[in-house]
Amino acid sequence: MANSNAKGDRRERELVNELDEAGFAVMRAPASGSATERELPDVLTGDGETFYAIEAKSSAGDPIYLTGEEVEALLFFARNFGAKPRIGVRFDREDWYFFHPGDLHTTDGGNYRVKKETALADGTDFEEFVGHSEKVTLDELGGDGPDQATLDVLSAFERGDLSKEDAAEMLD
């Protein structure tokens with residue numbers, strides 16, 4: 001009979017390897033959650049300045065659930081260890097996304113849920129997590145949009161009142 005945790009174990013090893021390749025010191029807790037009476041996070045990692053205790057979850061479907069006890073144990077361990085607690089989620093054919101436990105949806109029963117759409121829209125992707133990029137929203141890029149003078153020049157060009165060259169010169 002195949003190990004029912006084989007896919008989760010494989011995903012945890014994958015995360016460990018990716019963090020290692022990104023230059024982080026990393027270790028996977030041996031048989032976290034089952035081999036000891038102490039609740040351990042799945043992965044401990046750090047880059048010399050920032051340290052994380054990560055509970056890793058993966059799913060072929062949607063959504064991913066965590067029990068309140070899993071999250072409480074992660075928070076307890078992270079606080080005592082001096083690490084930042086993170087929930088790492090990976091859906092099939094997607095990358096890893098990370099959340100602070102406080103940013104997750106709490107169910108009426110006191111458990112936690114991450115939907116695939118939420119991970120893609122609101123999660124910290126791997127590149128941002130390891131400091132290789134920074135998420136920029138459309139609002140941050142666009143600000144309030146073009147100023148009125150720019151809109152006037154574009155409108156004049158669109159109406160045919162300005163040539164392309166004249167409009168470009170006015171916008172420089």
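Where does P63 lie? P63 sits in the loop between β3 (51-59) and β4 (64-66). Helices (H or I, at least four residues) and strands (E, at least two) are DSSP runs, numbered from the N terminus. This is a predicted model: local features need pLDDT of at least 70, side-chain atom pairs count only at pLDDT 80 or more, and totals for chains, interfaces and linings use all residues. Residues are numbered from 1 along each chain as its sequence is written, and side-chain values use heavy atoms, leaving out hydrogens and water.

**Backbone in loops**
- D62 and P63 are joined by a cis peptide bond, with omega about -5°.
- R93 is not a glycine, yet its phi is positive, about 65°.
- R93 lies in the loop between β5 (84-91) and β6 (96-99).
- R93 has a relative accessible area of 75%, so it is exposed (over 50%; buried is under 20%, partly exposed in between; 1.4 Å probe, protein chains only).

**A buried residue in a helix**
- E12 belongs to helix α1 (residues 6-21).
- E12 counts as buried because its relative accessibility is 10%.
- E12 touches R28, D42 and A56 (heavy atoms within 4.5 Å), not counting residues up to four places away in sequence.

**A nonpolar surface patch**
- L151, L154 and L171 form a nonpolar patch on the surface.
- Patches are made of residues with over 30% relative accessible area and no salt bridge; nonpolar side chains (Val, Leu, Ile, Met, Phe, Trp, Tyr) are joined within 5 Å, like charges within 9 Å.
- A salt bridge is a side-chain nitrogen of Lys or Arg within 4 Å of a carboxyl oxygen of Asp or Glu.
- Together, L151, L154 and L171 have about 230 Å² of accessible area (Shrake-Rupley method, 1.4 Å probe; for residues, only the protein chains shown count as cover).
- L151 is in helix α6 (residues 148-159), and its 35% relative accessibility makes L151 partly exposed.
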